[in-house]
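I opened a notebook for this structure and wanted to keep a plain record of what I looked up. The entries follow the order in which I went through the topics.

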Amino acid sequence: MRIVVAPDKFKGSVTAREAAEHMGEGMRQALPDADVVLLPVADGGEGTLDAAVEAGYERREMSVTGPVGRAVDAAWARRGNEAVIEMSLASGLAALPQDAQGEPVPAPLDATSRGTGELVRAALDAGCTRIVLAVGGSATTDGGAGLLAALGARLLDAAGHDLPDGGGSLAELDRVDVTGIHPGVADAEFVLAADVDNPLTGPRGAATVFGPQKGASERDIARLESGLLRLRDGLASTLGKSARRAADAAGAGAAGGTGYAALAVLGAVRRPGIDVVLDLVSLRDAVRTADLVVTGEGSLDEQSLGGKTPLGVLAVGDAADVPVVAVCGRTTLPWPLLRDTGFRAVYVLSALVDEPHAAMREAPRLLREVGGSVAREHTTDMPWASGNSPEPDHSTTSL
């Protein structure tokens with residue numbers, strides 16, 4: 001019996017690796033002879049680098065410029081001539097300074113993607129010719145200006161001075177000089193791992209849609225929008241019409257416009273983050289010889305249906321005609337919709353405890369118990385499962 005365990009993180013509780021290990025432990029206890037393969041994954045945001053390292057990439061630690069200019073510890077991963085860059089580590093919300101309550105302090109006008117560019121530069125310096133840029137979880141709205149500056153581009157004001165980092169300063173942009181861009185860019189293939197299809201500017205653009213999530217006020221949004229338009233025009237003047245067209249392309253608004261810099265200057269090709277990660281960990285190859293696949297994440301909800309980890313893993317299982325079971329901390333999906341997703345069964349941890357927050361505290365134990373249940377039950381006509389309840393209470397607290 002071969003079971004592939006491929007969960008994402010249960011945010012605030014366990015990492016993807018920990019979730020896989022706990023479920024795997026329960027499965028091995030229930031079926032000692034089972035071949036349990038652990039393949040923790042991610043959806044192209046936080047955890048992407050860890051998934052790459054689990055798949056055999058070498059983790060390379062380095063200090064880079066953080067989102068507000070202070071040095072932060074980050075990393076990239078390499079296997080042969082391929083590199084994986086996770087933007088959230090260098091330029092993400094988690095890399096921002098924290099307040100007394102441990103919450104990130106947003107810097108909507110000043111946050112920079114420079115640190116991400118420094119990671120890309122390190123990969124190019126090492127001779128990598130294929131670079132995956134996973135951009136989920138960013139703290140920035142600088143159109144990727146910091147990334148470009150780290151790679152050798154100059155963003156200049158009318159007096160010929162280099163602009164300070166941050167999306168707010170782009171309102172003073174006069175021209176962009178890309179003559180000093182890293183020579184490795186021309187020979188490298190870039191993959192933009194991004195789920196959002198927003199353009200750079202406009203009502204669905206980076207500043208308008210995502211700025212408020214990064215602490216931007218209405219006045220901030222107007223300034224950021226102005227700066228992104230100036231960046232578009234500056235690159236169009238330098239690179240031609242292709243740079244203007246790239247601003248309207250799906251994904252240009254990803255990560256505060258870093259998607260635009262990747263598309264317009266690096267020549268990146270956009271792919272859904274989950275597809276990129278599943279390729280990194282070779283999930284399709286693992287599933288071909290599996291009898292069962294188990295996936296999961298903290299919350300199975302509307303966003304999950306838009307391309308998060310469980311649905312991506314489900315698609316791989318369906319293609320190989322292998323049943324897929326999902327495990328989640330909670331679900332907010334109506335039960336008929338959850339049933340129609342196509343999972344063989346869904347286990348909801350919050351339905352296994354009396355107090356919703358206990359699901360977070362006791363996640364390791366609950367995941368081991370659920371792993372054992374899955375291993376024992378999967379060979380029969382498995383009923384839809386959500387702890388002990390056929391139709392769970394969806395008012396539980398997210399794991």
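How many salt bridges does the count come to by the rule used here? I looked this up and noted that the count comes to 21 salt bridges, where a salt bridge is a side-chain nitrogen of Lys or Arg within 4 Å of a carboxyl oxygen of Asp or Glu.

**Ground rules.** I wrote down that this is a predicted model, in which local features need pLDDT of at least 70 and side-chain atom pairs count only at pLDDT 80 or more, while totals for chains, interfaces and linings use all residues. Residues are numbered from 1 along each chain as its sequence is written, and side-chain values use heavy atoms, with hydrogens and water left out.

**Salt bridges.** I began with glutamate 61 and arginine 59, whose side chains meet in a salt bridge at 2.7 Å, N to O. For exposure I used relative accessible area, with buried meaning under 20%, exposed over 50% and partly exposed in between (1.4 Å probe, protein chains only). Glutamate 61 counts as exposed at 55%, and arginine 59 is partly exposed at 35%.

Next I looked at arginine 223 and glutamate 172, whose side chains meet in a salt bridge at 3.6 Å, N to O. Arginine 223 lies in helix α7 and glutamate 172 in the loop between β7 (154-156) and β8 (175-177), so the pair ties together parts that are 51 residues apart in sequence. For the names I noted that helices (H or I, at least four residues) and strands (E, at least two) are DSSP runs, numbered from the N terminus. Arginine 223 is partly exposed at 35%, and glutamate 172 counts as partly exposed at 46%.

In the salt bridge of aspartate 197 with arginine 204, the closest N and O atoms are 2.8 Å apart. Aspartate 197 counts as partly exposed at 41%, and arginine 204 is partly exposed with a relative accessible area of 41%. I also noted one network, in which salt bridges that share partners join Arg17, Glu21 and Glu54.

**A buried charge.** Which side chain of opposite charge is nearest to aspartate 220? I found that it is arginine 219, 6.8 Å away, and that aspartate 220 is buried yet has no salt bridge; Lys and Arg count as positive and Asp and Glu as negative, while His and the chain ends are not counted. Aspartate 220 has its place in helix α7 (residues 218-239). Leaving aside neighbours within four places in sequence, aspartate 220 is in contact (heavy atoms within 4.5 Å) with Pro108, Leu109 and Gly215.

**The open sheet.** I then traced an open sheet of five strands in the order β2-β1-β11-β12-β13, with parallel pairing; two strands pair if DSSP finds at least two bridges between them. At the edges stand β2 (35-38) and β13 (345-348), each with a single partner strand, so one side of each is left without a neighbour in the sheet. On average, neighbouring strands of this sheet are turned by 20° against each other, direction ignored. Helix α16 (residues 363-377) packs on the sheet and touches β11, β12 (324-331) and β13, its direction making about 160° with that of β13. Axes here are lines fitted to C-alpha atoms, for helices over the stretch in contact, and angles run from 0 to 180 degrees between N-to-C directions. Inside the sheet, β1 (residues 2-7) and β11 (residues 292-300) pair in the parallel sense over five bridges, and isoleucine 3 stands opposite leucine 292 in β11.

**Strand β6.** How many of the five residues of β6 are buried? I noted four, for the strand at residues 130-134. Five bridges join β6 to strand β5 (residues 82-86), running parallel, and five bridges join β6 to strand β9 (residues 189-193), also running parallel. Leucine 133 is the bridge partner of isoleucine 85, and leucine 133 also stands opposite leucine 192 in β9.

**Cores.** Last, I looked at the nonpolar cores, each a set of buried Ala, Val, Leu, Ile, Met, Phe, Trp, Tyr and Cys residues joined through side-chain atoms within 4.5 Å. The largest has 58 residues, of which Ile131, Phe190, Leu235 and Tyr260 touch the most other members. A second, separate core of 30 residues includes Ala6, Val37, Leu311 and Cys328.
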